[in-house]
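Here is a briefing on a single chain. Look over the sequence and the fold, then read on.

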Amino acid sequence: MSVMVLNLITKRVALGILLLLAVSVMIFAGTQILPGDVAQSILGQQATPEALSNLRAELGLNDPAYFRYLRWLGGVLTGDLGTSLTTRQEVTATLLPRLWNTLFLTFWAAIVAVPLAIVLGLLAVRYRNGPIDKLISGLALTSTSLPEFFVGYLLVYFFAVKLQWLPGISTVYDGMPFLEKMKAIILPTTALTLVVLAHMMRMTRAAILNVMQSAYVETAELKGLTTFEVIRRHAFPNAIAPIINVVMLNLAYLVVGVVVVEVIFVYPGMGQYLVDHVAKRDVPVVQAVGLIFASVYIILNIFADVASILANPRLRHPK
């Protein structure tokens, strides 16, 4: 690995850390300017001024904002995400099972979406400008035009209400048999897959078509190689960098964009957890979930950039 590649990777990681620090400031500031009083929302409208004052002092709400931010950031760096205002439980203890459920859902969505998108992109290139290419592109455009909540409700209507093949509420719990758990997540996994499939497929097609216009591809065609061989041996390997980039970006979107899908299917993941506690104005939980979502998104973007750098032969072999 060349010094140039190491410098680029180091700079990208450092930039990601700075960006994550900036996002933590924005998350903390955003929760602080929310309308309403945290102490009032906890104790209710009938609370006395003395009780409200005591609770504000207990929660540290009377301290300066910068001091509260540094105290929160210090806790995050040591693995302490705070205590829930509504349940009085440690946020870390209640958050980890939800995080695992979200990662479980997004893992299976990625397992389905990524290979399917690449295969469809290759088929679209192989039969470009033909009926298969137009059909795939049309379905992709339709899928892109439909928001995830609409796709989710359509799936529930047809497969849970009309046909009654699958459950409309995706309930999972510890100790649940694996096959039952897989059945429960089929609909939300399908919704997530349809959300990211079109973008990955179209970008795969565009990246390969861009390489197909290169001189060495024309030379390979003049040598008598079939279209499939040209794509497999020349176009796809040289288009792998932008494909990896778009796959990583869509995986990041899967984790962050899972909120809407989890709410629709009442899935016990991070998204549902966030929405429930936003309604309760549980600031520590909202801060913790927001920071985790931001961290996953930034980390996967860093992986995308690093993978693109490593997949670029001109950077790996600058001479």
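Leaving aside its neighbours within four places in sequence, which residues is T102 in contact with? They are V258, E262, Y267, G269, M270 and G271. The model is a predicted one. The points below start with the chain as a whole, then turn to T102 and other selected sites.

**Overall make-up**
- The chain has 16 helices and 0 strands.
- Of its 319 residues, 42% are buried.
- Among contacts with a separation of 6 or more, 72% join residues 24 or more positions apart.

**Helix α5 against helix α14**
- Helix α5 spans residues 91-126, and helix α14 spans residues 270-279.
- The two pack at an angle of about 135 degrees, and their axes are 8 Å apart.
- That angle makes α5 oblique to α14, because angles from 65 to 115 count as roughly perpendicular and those over 145 as roughly antiparallel.
- On the α5 side, the contact is made by T94, L95, R98, L99 and T102.
- On the α14 side, M270, G271, Q272 and Y273 take part.
- By type, the residues of this contact divide into 4 nonpolar, 4 polar and 1 charged.

**T102 in helix α5**
- T102 lies in helix α5 and belongs to the contact with α14.
- T102 has a relative accessible area of 1%, so this residue is buried; the cut-off is under 20%.
- E262 is 160 residues away from T102 along the chain, yet their C-alpha atoms are separated by 8.5 Å.
- E262 is also one of the residues in contact with T102.

**The salt bridge**
- The structure holds 1 salt bridge.
- In this salt bridge the side chains of D133 and R205 meet, at 2.8 Å from N to O.
- D133 is buried, at a relative accessible area of 3%.

**Two further sites in helix α9**
- T189 is found in helix α9.
- With 8% relative accessibility, T189 counts as buried.
- Beyond its neighbours within four places in sequence, T189 is in contact with L105, W108 and A109.
- A198 is found in helix α9 too.
- A198 has a relative accessible area of 3% and is therefore buried.
- Beyond its neighbours within four places in sequence, A198 is in contact with A140, S143 and T144.
- A198 and S137 are 61 residues apart in sequence, and their C-alpha atoms are 8.3 Å apart in space.

**Positive phi in two loops**
- Most residues other than glycine have a negative phi.
- Q164 has a positive phi, near 55 degrees, and is not a glycine.
- Q164 is found in the loop between α7 (148-162) and α8 (178-184).
- At 63% relative accessibility, Q164 counts as exposed.
- V266 also has a positive phi, near 50 degrees, in a residue other than glycine.
- V266 is found in the loop between α13 (258-264) and α14.
- At 41% relative accessibility, V266 counts as partly exposed.

Key: Residues numbered from 1 in each chain as written. Predicted model: local features only at pLDDT ≥ 70, side-chain atom pairs only at ≥ 80, totals over all residues. Heavy atoms only, no water. Axes fitted to C-alpha atoms, helices over the stretch in contact; angles between N-to-C directions. Helix = DSSP H or I, 4+ residues; strand = E, 2+ residues; numbered from the N terminus. Parallel < 35°, antiparallel > 145°, perpendicular 65-115°, else oblique. Contact = heavy atoms within 4.5 Å. Nonpolar A, V, L, I, M, F, W, Y, C, P; charged D, E, K, R; others polar. Buried < 20%, exposed > 50% of the residue type's maximum accessible area, 1.4 Å probe, protein only. Salt bridge = Lys/Arg side-chain N within 4 Å of Asp/Glu carboxyl O.
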